[in-house]
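Here's a quick tour for anyone meeting this one for the first time. Have a look at the model, then we'll walk through a few spots.

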Amino acid sequence: MSVDSVLTAPAALAGPLTLVHAADDAPGWWRSAVIYQVYPRSFRDLNGDGVGDLAGITAELPQLAELDVDAVWLSPFYRSPQRDAGYDVSDYCDVDPLFGTLSDFDAMMAEATRLGLRLIVDLVPNHCSDQHTAFQAALAAPAGSPERDMFIFRDGRGDSGELPPNNWQSHFGGPAWTRITEPDGTPGQWYLHLFDSSQPDFNWDNDAVHAEFERVLRFWLDRGVSGFRVDVAHALVKAPGLPEWGGRADGNSSHGFPGHEAPMFGQPALHDIYRAWRRILAEYGPDRILCAEANVDPLPRLADWVRPDEMHQAFNFPYLHAGLDPHRMRSVITDSLTALDAVGAPSTWVLSNHDVVRHATRFGYNGPAPRDGDGIGPADAQPDEELGRSRAAAASMFMLGLPGGAYLYQGEELGLPDGIDIPDHKRQDPTFGRTGGERLGRDGCRVPLPWRAAEPHAGFGAGADPWLPQPASFTALARDTQAASPSSHLNLYRRMLELRRELRLGQGSLAWIEDWCTDSSLAFLNGSTAVLMNLGGDPLELPAGQVLLRSSTSAQHDGAHQLSSGETVWLEIYTEDTEN
Ligand code: NOJ
């Protein structure tokens, strides 16, 4: 069926439908998978040091299996000085003692396999830690040496090289270059770091860098992982000559979308790297996947990352940033499905992760969150938590009705808000320090999870205080309390995930229900399930059909066949057969 064909609606839906995506039976578990992101520092602390660990993840994996997700993506747990919460890796093939040991990893892998869960690990190929042996060797070696060539070292500008080689700015604030002291004690060359100064960028023009990462891929594939989430996958290769760029390394846009002309993003040579990696994964069978964290705009360009011989999935950041604006949501969804269908790839959908304010908090504002979502502090306008949570439920239910894969961020199934009351001295995101506190950074969404209301630290860990303070509301939101309450956010997620699988919504189709696509509502048909969201102030009359699930378990419907303000519903549409 062609895109944009106008269909005749089932009798129960009065107006026209616009088909955007047809159901797809292509093989591949990831095409419709729900992948749950675990942020190891904040998941579960079993050894009582205040930081989560792999043994804690293993202990709670049954809870994720019960939630009925397909796979777990783990943010980095590798050896690291933790200057960027593990995205500064000093050894790619070992577990940081903070999180455990390689044996703990193997035990976690075995438990995941026993439970039928796949594990995806994070690969951080753009940069490492300045404590990595390769960078230490580069510092000790002379300019022009093969050791230096593993990274991007350049002489400075100015009479004595006192100025950075170009004007690039770090994603975390401040210049993207740091000058070193040469082994003989003189001021020396500069190295590039798109992120913190402790995260030197690798030189992907050097074959030795390719070889090293191919070794890392095989190391984890041999241990049984189902694939890799590839960190800043758009940035590995830089434009020849490192031309000037008048903005932050993320393109200086509030949502981090690099202009496609930015010299540090989206270079053509990247695609050969991912083709080579895909060939390596294929040696391990058809089920190992690569997912690009490629912050690329516009959407048709993102499709280049998931062509049949490249990555399997890419994160959909335009969807994450579409907010609850029905027109923007519709256009992102249409553009995503259209662009990705053209290369035979599934779309993914996401609302929260460890880098953004949680959606239960973002949606607690009428209008944009303060600081454009770059962290929220006690002095900022505060969100309405209840409103945020109920809108988050509606947004998640809308997202989980879409065909394609979906990524969930730990704690969103509990409707957790961001931690807002974090004292400055506890903030650990390098963004906070590098901008002198002007940007609060991402600590708020990284607060340790509440598991059991009656236990110390809401069950995160029985020992030291959690590395970030938990808001008071976390006790009431603890998993065990919610598990016991039929109308909880957690039980809504369980039901949504169960029904999504049963109705095969991830493999389904999408046709806009035009009469419902207004300034304050949005709806589509996926198979015979209508997903309808009401963002306006008044209730809306539902089409004829059987209500399968509502996002608002507490809403009073008085028996009326209505959709309340701020609510999403999954509705089985009556066809002529069912009506007769
Ligand atoms: C993206 C990761 O999600 C983020 O947490 C990290 O700080 C940067 N990449 C740098 O690795």
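Let's start with a strand pair: β9 and strand β10 (residues 187-192) run antiparallel and are joined by four bridges. Strands here are DSSP E runs of at least two residues, helices are H or I runs of at least four, and both are numbered from the N terminus. This is a predicted model, where local features need pLDDT of at least 70, side-chain atom pairs count only at pLDDT 80 or more, and totals for chains, interfaces and linings use all residues. Residues are numbered from 1 along each chain as its sequence is written, and side-chain values use heavy atoms, with hydrogens and water left out.

**The sheet**
- R179 has W190 of β10 as its bridge partner.
- The open sheet has three strands in the order β8-β10-β9, with antiparallel pairing (two strands pair if DSSP finds at least two bridges between them).
- β8 (153-154) and β9 (177-181) are the edge strands, each pairing on one side only.

**The ligand**
- Around the ligand sit D84, Y87, H127, F172, F195, R229, D231, E293, H354, D355, R442 and R446, each with a heavy atom within 4 Å of it.
- An N or O atom in the side chain of H127 is 2.9 Å from a ligand oxygen atom.
- For D355, a polar side-chain atom lies 2.4 Å from an oxygen atom of the ligand.

**Helix α13**
- With 14 residues (489-502), α13 should span 20 Å, and its end C-alpha atoms are 20 Å apart, which agrees; the expected span is 1.5 Å times one less than the number of residues.
- After α13 comes R504, with a positive phi near 55°.

Methods:
Polar contact = N/O pair within 3.5 Å; in protein donor to acceptor, adjacent residues only side chain to side chain.
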